[in-house]
Amino acid sequence: MAVFKGFPLNLLFASILLILLLCIQSGGGQKKKENMLAEKVEQMMEWSSRRSVIRMNGDKFRRFVKAPPRNYSVIVMFTALQPQRQCSVCRQANEEYQVLANSWRYSSAFSNKLFFTVVDYDEGADVFQQLNMNSAPTFMHFPAKGKPKRADTFDLQRIGFASEQLAKWIADRTDVQIRVFRPPNYSGTIALALLVSLVGGLLYLRRNNLEFIYNKTGWAMAALCVVFAMTSGQMWNHIRGPPYAHKNPQNGQVSYIHGSSQAQFVAESHIILLLNAAITMGMVLLNEAATSKGDVGKRRIICLVGLGLVVFFFSFLLSIFRSKYHGYPYR
Amino acid sequence: MAEHHTASDCKHKTSSNAGGSVSGNGRPNSPAGCGGSGGLSGGLTQPAGWQSLLSFTILFLAWLAGFSSRLFAVIRFESIIHEFDPWFNYRSTHHLTTNGFYEFLNWFDERAWYPLGRIVGGTVYPGLMVTAGLIHYILNLLHVTVHIRDVCVFLAPVFSGLTAISTFLLTRELWNQGAGLLAACFIAIVPGYISRSVAGSFDNEGIAIFALQFTYYLWVKSVKTGSVFWAIGCCLSYFYMVSAWGGYVFIINLIPLHVFALLLMQRFSRRLYIAYSTFYIVGLVLSMQIPFVGFQPIRTSEHMAAAGVFALLQAYAFLQYLKDRLTRQEFQTLFFLGVSLAAGVVFLTVIYLTYTGESHLPVMLRYAKIHIPIIASVSEHQPTTWVSFFFDLHILVCTFPAGLWFCIKNINDERVFVALYAISAVYFAGVMVRLMLTLTPVVCMLSAIAFSSVFEHYLGDDMKRENPPAEDSKQDRPEEGLGPNIKSIVTMLMLMLLMMFAVHCTWVTSNAYSSPSVVLASYNHDGSRNILDDFREAYYWLRQNTDEHARVMSWWDYGYQIAGMANRTTLVDNNTWNNSHIALVGKAMSSNESAAYEIMKSLDVDYVLIIFGGVIGYSGDDINKFLWMVRIAEGEHPKDIRESDYFTPQGEFRVDKAGSPTLLNCLMYKMSYYRFGPYTRLDFRTPPGFDRTRNAEIGNKDIRLKHLEEAFTSEHWLVRIYRVKKQENRQALDHKLRNIAAKQKYTSKKVLPSLFH
């Protein structure tokens, strides 16, 4: 935030400098240029010593990134981080970008040849228009000499925005090798420790009746949960990260079932989970109806409900399967 | 074909029907049945005899059904080895039968991985080859002369019958005979297992599932009886499993897990102690006899759980012993001393392991999964969608949780085992498609338990309850109350479901899992069939027309087939042990011709073989696999090969005019489309040079090759072979007339005296 506080003053200073420069341009142009460059580098170094990623608005972007006298490369992330933009990808990309910038900032090779900056849409919409950019996030590299070429735009669609990939791309474009150092993630360990201590505490509090550990129903429930989660492909979701459901951009229809047998949506796997659970429950009810000792009418109803669950939901499952697996002949 | 289809269908129906009825009859034996025993024996003179006759018949029918439903490929095509890996297994079995066992163990294969070679004897699980070789030997001893190929082709279907029997035995130990019979019928026809055991798929998994199930049966038996006899049997079966498949790691972790769970549940017993101690020690020694396994069981972290549980069990037993001998006070001090000592030892081991890096194995696996493209490129290593679960298991996947529920509700020592088996197997199957194979047997068993307990209650006829013993009448009356109508409806619908399962299994087997992939078939509009035998045509051409020591370069998928069918030296094959060698081949394929020629020269390549599906629309060809070659090459040679060069600016992979120039000029593209552009016009609707696989007119029609020449192209252009030209003589200098210019004056140059001192 300190950057923002200093900002108007800097602008004033810069504009005065600019005017002065314009006045004396005809004089010793070359020397002034060098002076200006040194000032720019100094300014950039000062900002990046405060924060590893420099925030830019339109004016700063034009002055420090676009304007020609430069001897440093700049990586710019164009993004839209404001909450009202609802860009979840931007936030993830930003995290990766911060990791990368910090790795660079605190590495031994840190120099004034490479700077990391960010332009938010809500602070520099004019930059977006100027560069003809209509999607965020976008990573661009502005080389020290010349204009950015095609390969200076990071291919986000294909490679993704992992900071290792970004580092590889930067090494490719600028010959600066950055070893990505991720701050170790303790959250998983802490969560586990919390859980263990919670369970331990509960057990300690209830040490007088530990009967519930021997409760078979609880264990059976837990086992079934694992089984249902796996057979409905939650592991696939975890590894591949599909969208929850697909919304057709033309007519706004939401489809919960993926059309191909090679993929699935999260919603779809939840539906399948419920169907599997219902069929299993039907089987258990059928068994229950035959073995329990109770009112005959009630048991008849249980039996029929169980049968209905099994038959109805299985045929439902089969029809979903058929809609996904084209050419399946049976219904 | 159709006859066969219905015939095997009928068998499925009869077998599952019969299985159902027997589980109704099999009540007297059922440990978890609802107590109404004794009523049945009045009707039949000798129920035990009837039961065993029925069981034998059903098991025999299950075997027959399982065997015959695996024969689709043989009947449609011929008795041929399928796919890729089986060709290697077949080749080594052939080597075994012609040269003997010891020669096989010491076999150094110089025809693979040229110029490195491969030590085959020490890098394979020999169980499969030895089994096939042994059967061949015995048959020949009996003067039944069969070719080793036929033994290999029919090995997996025969073993599926043995799997059915061992599943029956295991399920009988877990639940009752009826459930066992149902489980045997299920596993005989379930697609999840058929996928790896059709006739012709001569692979480790075919016999390994039998070994797995049989080991588990013997383990459960030895825990139940606590006899050393059964435990030793379990070890021998485990030894067979270790010799057959790398999946033995699953056994050596699951059994200790079972023991550990039993200890936690305070179900320790002498039986358990005897069974596990015997199993661990003898099994460890036996498993180390396999050359490929060697000292892994005492070194690697996958085997450490077994050792830890062994130590724990000894300590527990020792404490139990002390408890009998010492007073309470002494025992307590000793206990605390022991526990603190053990904690210290465990702590030190953990530190040691962390520093030597052993325990980082999972992390490294994850790393490998993300960063080494060769692992990611194999489709079997993908996670599993629910569709594959349903496709491979159908109704079983929805009903087996019910069986698990019943097992946990009526828990005992061996049901703890099956519950752990189910949970761990379902987890692994979720992570990787190919591990569906280890899930399938337990799903069959638990589903059989679920169905069997339903049938048990609903199929039992009400007739026998007409004269129940008087004291039982109170409890029995409500059961009668359900009424015959509801009972028969339930039974009918359940049988309907099982019938659908049988039909589904047959359909899946016939359509998805019975293609040899060496021979392709295409169907015309009138249903008649064309056989595309291009692969064998090309391999046979190689065998007949090339030098015996010619070296053939191809992508690694075809290495085993070239070695097996063409008997020529290959550079890389499906045993992907050397990533950089594969990357070099990938680099040759994805560079331009002159750069590739340098690589091929350095590797002594004589022929290059590629698969091209553009003429017939075969989608598994090399252009479609090409990006993986580029990625693998990029991993090793990032300076020369860059994946982004092969995409259009929009990030598409296109072979038409809009495609990237690097792609249009790389060796793979040139070899695939050589002579394809101007000369071929497949039909009148499409322009010349239209690729049917990618539905695009190719972008580079004028392809000229400088260092290669076309040697052979198969009938449907599926396989194309190029000969690498030998280096030409040194380029002759252009002949120039000698022109004598103005005479130069030669002046003798005095040599500096300092040079000659």
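# Exercises on a predicted two-chain model

Asn592(B) touches Asn665(B) and Cys666(B), leaving aside residues up to four places away in sequence; contact here means heavy atoms within 4.5 Å. The structure is a predicted model, in which local features need pLDDT of at least 70 and side-chain atom pairs count only at pLDDT 80 or more, while totals for chains, interfaces and linings use all residues. Residues are numbered from 1 along each chain as its sequence is written, chains are lettered from A and ligands numbered from 1 in the order in which they are written, and side-chain values use heavy atoms, with hydrogens and water left out.

**Exercise 1.** Locate Asn592(B) in chain B, and decide whether Asn592(B) is buried, partly exposed or exposed.

*Solution.* Step one: Asn592(B) sits in the loop that joins α27 (579-590) to α28 (593-602) of chain B. Helices (H or I, at least four residues) and strands (E, at least two) are DSSP runs, numbered from the N terminus.

Step two: the relative accessibility of Asn592(B) is 40%, so this residue counts as partly exposed. The cut-offs are under 20% relative accessible area for buried and over 50% for exposed, with partly exposed in between (1.4 Å probe, protein chains only).

Step three: the chain brings Asn592(B) and Met668(B) to a C-alpha separation of 8.7 Å, although they are 76 residues apart along the chain.

**Exercise 2.** Describe the two chains by their helices and strands and by their share of buried residues.

*Solution.* Step one: chain A contains twelve helices and six strands, and chain B contains 31 helices and eleven strands.

Step two: in chain A, 38% of the 331 residues count as buried; in chain B, buried residues make up 53% of 757.

Step three: take the contacts with a separation of 6 or more. Residues 24 or more positions apart account for 66% of these in chain A and for 73% in chain B.

**Exercise 3.** Which residues touch the most other members of the largest nonpolar core?

*Solution.* Step one: a nonpolar core is a set of buried Ala, Val, Leu, Ile, Met, Phe, Trp, Tyr and Cys residues joined through side-chain atoms within 4.5 Å.

Step two: the largest core has 140 residues, and those touching the most other members are Tyr216(B), Trp219(B), Tyr276(B), Leu439(B) and Met494(B). Its largest share, 15 residues, is supplied by helix α22 (residues 436-458) of chain B.

Step three: apart from this core lies another, of 98 residues, including Trp87(B), Trp107(B), Val552(B) and Val655(B).

**Exercise 4.** Characterise the interface of chain B and chain A by its area and its polar contacts.

*Solution.* Step one: 56 residues of chain B and 59 residues of chain A take part in the contact. About 5,200 Å² is buried between them, with 77% given by carbon and sulfur atoms; buried area is the accessible area (1.4 Å probe) that two parts lose on being put together, summed over both.

Step two: Trp386(B), Trp405(B) and Trp507(B) supply 16% of the area that chain B buries against chain A, more than any other three residues.

Six residue pairs, both at pLDDT 80 or more, are in polar contact. Such a contact is a pair of N or O atoms within 3.5 Å; within protein, one must be able to donate a hydrogen and the other to accept it, and residues adjacent in sequence count only if both atoms are side-chain atoms.

Step four: on the side of chain B that touches chain A, the largest share, twelve residues, comes from α20(B).

**Exercise 5.** Where does Thr171(B) lie, and what does Thr171(B) touch?

*Solution.* Step one: Thr171(B) belongs to helix α7 (residues 148-174) of chain B. With a relative accessible area of 0%, Thr171(B) is buried.

Step two: a polar atom of the Thr171(B) side chain lies 2.6 Å from the backbone oxygen of Thr167(B).

Step three: beyond neighbours within four places in sequence, the contacts of Thr171(B) include Asn176(B), Met445(B) and Ile449(B).

**Exercise 6.** Examine the backbone at Pro115(B) and Ser517(B).

*Solution.* Step one: most residues other than glycine have a negative phi, and most peptide bonds are trans.

Step two: the bond from Tyr114(B) to Pro115(B) is cis, with omega near 0 degrees. Pro115(B) is placed in the loop between β1 (108-109) and β2 (118-119) of chain B.

Step three: Ser517(B), not a glycine, has a positive phi of about 65 degrees. Ser517(B) is in the loop between α24 and β3 (520-523) of chain B, and is buried at 18% relative accessible area.
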